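Please look through the sequence and the model below before reading on.

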Amino acid sequence: MLERRPFGNTALNVSVVGLGAGQVGEKDVTEAEAAEVLNGALDLGVTLIDTAASYGLSEERIGRHIGRRRDEFLLSTKGGQAINGQPDWSPKSVLASIERSLRLTQSERIDIFYLHSCPIEILRRGDLQETLDKAVAAGKIGVAGYSGDNDPLSFAVDSGRFGSIETSVNIADQWNLRHVLGRRPELGVIAKRPIANAPWRFSHRPAGHYAELYWERLQALELDPGDLDWTEFALRFTAYAPGVHTAIVGTAKLAHLRRNIAAVSRGPLEAGALENIGRAWRHVGSDWAAST
């Protein structure tokens with residue numbers, strides 16, 4: 001069984017590895033493939049599935065394929081903007097997003113609902129936080145959260161208005177880890193992008209690819225995974241990083257998820273490897289902002 005951890009000061013417990021269900025929502029993923037990875041994740045002991053209103057068919061497929069197993073996992077989703085025809089962030093849009101997610105995932109309650117990359121100027125208004133508080137009081141969501149990076153994340157954490165955050169943490173993206181996580185240890189923390197978009201797949205700079213920035217950073221960091229493959233090296237760094245409760249691995253392939261769980265189950269990286277990562281980051285990465 002996967003290790004489980006208390007999720008901050010919430011009443012929730014999460015597995016050290018969660019399933020990022022973004023790829024599950026892609027149109028080129030078949031219904032059979034989606035059903036296999038979603039059910040397989042639960043069979044492997046994954047207790048948290050993370051999705052978003054913007055992830056294509058993801059919420060709908062979660063409801064269709066594991067709605068009957070809803071009591072076996074924690075549902076984390078994100079939304080808030082441009083739902084129900086709203087062009088901007090508004091309380092009405094956030095409420096519409098919550099209702100839509102409840103309907104599509106066939107849930108009576110969303111365990112964790114995140115404002116999805118909400119800009120800092122919107123956060124400063126405070127009305128969306130009040131909207132989430134009302135949704136918690138009404139039993140529609142369990143924990144109100146913020147998903148994002150850098151200054152907006154820092155503001156959200158310091159505001160004391162959220163019970164959880166979701167943010168980028170990996171060997172090539174450590175700004176949030178070193179500047180924000182731990183500031184409020186009572187928060188539940190989901191680490192996204194734990195394998196840094198797997199830039200080691202490319203022998204040359206993948207110009208225009210979403211992994212390009214992380215590829216460039218890894219060249220500068222000059223890290224050495226030693227006897228481990230890069231994926232295991234990266235995953236074990238993130239899953240056991242201070243302040244992280246669960247690392248969500250995005251995949252639509254059950255075999256990939258199974259390998260990732262096996263890797264994380266081998267525990268934290270050795271102290272020497274962590275020292276080398278820290279030394280490299282301080283040398284060349286200390287000014288790098290988180291990738292958004």
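In what order do the strands close into a barrel, and is the pairing parallel or antiparallel? In this predicted model, 8 strands close into a barrel in the order β3-β4-β5-β6-β7-β8-β9-β10, and the pairing is parallel. From one strand to the next, the twist averages 25 degrees.

**The barrel and its strand pairs**

- Strands of a sheet pair through backbone hydrogen bonds, and this pairing can be either parallel or antiparallel.
- Strand β3, which covers residues 17-20, pairs with β4 in the parallel sense over 2 bridges, and within this pair Gly 20 stands opposite Asp 50 in β4.
- Strand β3 also pairs in the parallel sense with β10, here over 4 bridges, and in β10 the residue opposite Gly 20 is Gly 250.
- Strands β4 and β5 are joined in the parallel sense over 3 bridges, with Asp 50 standing opposite Ser 76 in β5.
- Strands β9 and β10 pair in the parallel sense over 2 bridges, and the bridge partner of Ala 191 in β10 is Ala 247.

- Strand β5 is largely enclosed by the rest of the structure, because 6 of its 6 residues are buried.
- In a regular strand the side chains alternate between the two faces of the sheet.
- In β5, Leu 74, Ser 76 and Lys 78 point one way, while Leu 75, Thr 77 and Gly 79 point the other way, and all of them are buried.
- Strand β10 is mostly covered, since 4 of its 5 residues are buried.
- Ala 191 has its place in strand β9, and with a relative accessible area of 0% this residue counts as buried, because the cut-off for that word is under 20%.
- The C-alpha atoms of Ala 191 and Glu 99 are separated by 25 Å, and the two residues are 92 residues apart along the chain.

**Salt bridges**

- Side chains of opposite charge can pair when their charged atoms come close.
- The structure holds 21 salt bridges, and one of them joins the side chains of Lys 78 and Asp 50, at 2.7 Å from N to O.
- This pair links distant parts of the chain, with Lys 78 in strand β5 (residues 74-79) and Asp 50 in strand β4 (residues 48-50), 28 residues apart.
- Are Lys 78 and Asp 50 buried or exposed? Lys 78 is buried, and so is Asp 50.
- Asp 133 forms a salt bridge with Arg 161, and the closest N and O atoms of this pair are 3.0 Å apart.
- Asp 158 is partly exposed at 44% relative accessibility, and Arg 183 is partly exposed with a relative accessible area of 36%.
- Elsewhere, Glu 31, Glu 60, Arg 61 and Arg 64 are linked in a network of salt bridges.

**The largest pocket**

- Rolling a probe the size of a water molecule over the atoms shows where empty space is left.
- The largest pocket has a volume of about 1,200 Å³.
- A total of 43 residues line the largest pocket, and those that lie nearest its centre are Gln 23, Arg 193, Pro 194, Asn 197 and Gly 250.
- The elements that give two or more residues to this lining are α9 (230-239), β10 (246-250) and α10 (254-264).
- Which element gives the most to the lining of the largest pocket? That element is α10, with 5 residues.
- The residues of the lining divide into 16 nonpolar, 14 polar and 13 charged.
- Gly 250, one of the residues nearest the centre of the largest pocket, is also the residue of β10 that stands opposite Gly 20.

Technical notes
Residues numbered from 1 in each chain as written. Predicted model: local features only at pLDDT ≥ 70, side-chain atom pairs only at ≥ 80, totals over all residues. Heavy atoms only, no water. 1 Å grid on protein atoms, 1.4 Å probe; cavity = no way out; pocket = protein on both sides within 12 Å on 5 of 7 lines; lining within 4 Å. Points joined across faces, edges and corners; volume = space filled by probe spheres on them. Nonpolar A, V, L, I, M, F, W, Y, C, P; charged D, E, K, R; others polar. Salt bridge = Lys/Arg side-chain N within 4 Å of Asp/Glu carboxyl O. Buried < 20%, exposed > 50% of the residue type's maximum accessible area, 1.4 Å probe, protein only. Pairing = 2+ DSSP bridges. Axes fitted to C-alpha atoms, helices over the stretch in contact; angles between N-to-C directions.
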